[in-house]
Amino acid sequence: MVGGKKQKTMSRRAGMRSYDNHTAAAWLFLAPSLTAIAIFFVIPVLSALVMSFTDFDIYAVGNLNVVRFMGFRNYTRIFETPLFWKALRNTFYFVLVGGPLSVAVSLGTALMVNSKLARFKPFYRTVYFLPVVTSLVAVAVVWRYLYHPAHGLLNLALSYFGVAPIDWLGNPDIAMPAIVVLAVWKNFGYNMLIFIAGLQNIPEDLYEAAHIDGAGGWRQFVDITIPMLAPTTVFVVMITIIGYFQLFAEPYIMTEGGPMNATMSVVLMMYEQGFRWWNMGFAAAIAFVLFAVILIFSILQLIIQRRLQQ
Amino acid sequence: MKGRTIAVVLNAGLVFLALITLTPVVWMVSASFMIPGEASTAPLHFFPAHPTLEHYQVLAERLHVGRYFLNSFIIASAVTLISLVFNSMAGFVFAKYQFPGRDKLFRFLLAGMIVPAQVTMLPLFLMLKSMGLINTYVGVIIPGLASIFGIFLIRQFAGSIPDSLIEAARIDGASEFKVYRSVVLPLCKPILLTLALFTFMGTWNDFMWPLIVMTDNANYTLPVAIANLKGEHLLDLELMMAGSVVTILPVLILFLAFQRHYVRGIMVGGVKE
């Protein structure tokens, strides 16, 4: 009995030796990245959550002992702060107007570049993609001058069509749309490439069959292109929305959140509260509200994706 | 005939869109060679009447742009090299090793991609402060040591390496590290180049984190320096354009030189699980 058990263990050991070696090697290979992610990502996320329930401020930065827990007070304070609602509304405007606009421009451009009738396709693909790789800070500086009311290129060009000068970034009603236009210009090339890949994955014979059945260009677009492109579109909308919720550099460089807080975004407010006024507990709560909003949107997208797959 | 009209309209649309896309970039370059005040004087003109290099000279001699360039270059290179090693090892494991908990761990990492980086910034700042790493290269580099997206990208690619190649190396007596170093890494070269481009350009263009960590002017990266320059030199349009050119040009050249490899990253990353 005892001998039999021993034998069994031994044979299992022999069989598993290479397996165990592999597992050890696997964890060794994983160690550097997992350690970095644990210490510099997971722990900070958890700490931020704890922090959002404290009154962590400039005094606490110097002396941790003065930190006090204050339950949900930061969160209730956030929702009692008119500036936060303004920032949230502005961010939603940027996401819900800029996001769909950017995806629509990307899809339209992808269809045009992918068309059999288009010439010099690689050239256009490269040109449309150029803004994506540029530094957002640098192009925001450039666009700030383009938008200048008195001698910006945009108003000068419009004056030839008899349009009176527009104060793009100085008018609270126009500043956010102006930032949306910059964002679409900067980003549409990225999603365009993903759409082009999606379009090229649609089997050509689907179109041929539809053609034989007498379906015109528009019918083919509605019956084949749109449904076949749906998974790509959901993916593109998802990454665009998550990115757009993090609006920061454009208002930081172009308007500093103004005029009259018309371009104050959630992340800009978090940055100012956290790193300018050192209200870090309050800022951490703002960050988590943003996270919650992004999470809700991501879950919605996943549900839509599941539905599409069925 | 109808098809012909559509073709003309379509190609005209493409040209028009290309003009809109290029105008800000070309104007930036053009204005950076204009004499002070020229770009903001009516009537509108697009090209410099008397091209000058004086703004680049001022940037180099008085505003230490070389220093910022070097800071950006060191940080972006360090992040690229380190994260490439870390991510490729992890990606290889998730693609080719079987062990309990592997898929759970990978799903946990993927879920982490949804957390916006801003959530980590406040505690990370305090952590680095207690370690004395604020205002250092290391402080800026730390969040980029490993990236979940990078691990994902490598895993997708390494999955296509035939198991038989890895097994053959093991039978020949190669250690696991040797398998990684001599079999997996060479075969992953295309995706490593892609990831290197993504990481370098992403780090070069990153703004918020270096803005937070670098408190001393001499340590600024180019985007932070440009944002700071804007405060004092907002009225020097031509000078600011030259600064923007210096910030954008390196990544633009990298992109144009390695376009094909860069684009592949978007395609692989865009393919759903």
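Predicted model: local features only at pLDDT ≥ 70, side-chain atom pairs only at ≥ 80, totals over all residues.
Close-up 1. Leaving aside neighbours within four places in sequence, B:Ser244 is in contact with residues of chain A, namely A:Ala138, A:Val141 and A:Val142, and with B:Met28 and B:Ile226 of chain B. B:Ser244 itself belongs to helix α13 of chain B, which covers residues 237–270. Because its relative accessibility is 0%, and buried means under 20%, B:Ser244 counts as buried.

**Close-up 2. B:Trp27 and the largest nonpolar core.** This core holds 200 residues, and those that touch the most other members are A:Phe248, B:Trp27, B:Phe207 and B:Met241. Helix α8 of chain A, residues 175–200, gives the core its largest share, with 15 residues. Within chain A, domain 1 (2–51) and domain 2 (73–309) each supply at least three residues to this core. When residues up to four places away in sequence are not counted, B:Trp27 touches A:Val142, A:Tyr145, A:Leu146 and A:Leu153 from chain A, together with B:Ala39, B:Phe46, B:Leu237 and B:Met241 from chain B.

Close-up 3. Most peptide bonds are trans. A:Pro259 is placed in the loop of chain A that lies between α11 (249–254) and α12 (266–276).

**Close-up 4. Positive phi at A:Trp278 and B:His64.** Most residues other than glycine have a negative phi. A:Trp278 is not a glycine, yet its phi is positive, near 60°; this residue lies in the loop between α12 and α13 (280–309) of chain A. With a relative accessibility of 22%, A:Trp278 counts as partly exposed. In chain B, a positive phi of about 55° is found at B:His64, which is likewise not a glycine, and B:His64 sits in the loop between α2 (54–61) and α3 (65–96). The relative accessible area of B:His64 is 47%, so this residue is partly exposed.

**Close-up 5. A nonpolar patch on the surface of chain A.** The patch is formed by A:Leu295, A:Ile296, A:Ile299, A:Leu300 and A:Ile303, which together have about 440 Å² of accessible area. One of these residues, A:Ile299, can be located in helix α13 of chain A. A:Ile299 has a relative accessible area of 44%, and it is therefore partly exposed.

Methods. Residues numbered from 1 in each chain as written. Chains lettered and ligands numbered in written order. Heavy atoms only, no water. Helix = DSSP H or I, 4+ residues; strand = E, 2+ residues; numbered from the N terminus. Buried < 20%, exposed > 50% of the residue type's maximum accessible area, 1.4 Å probe, protein only. Contact = heavy atoms within 4.5 Å. Core = buried A, V, L, I, M, F, W, Y, C linked by side-chain atoms within 4.5 Å. Domains from an automatic or database assignment. Patch = residues over 30% accessible without salt bridge, like charges linked within 9 Å, V, L, I, M, F, W, Y side chains within 5 Å. Areas by Shrake-Rupley, 256 points an atom, 1.4 Å probe, with all protein chains shown as cover. Salt bridge = Lys/Arg side-chain N within 4 Å of Asp/Glu carboxyl O.
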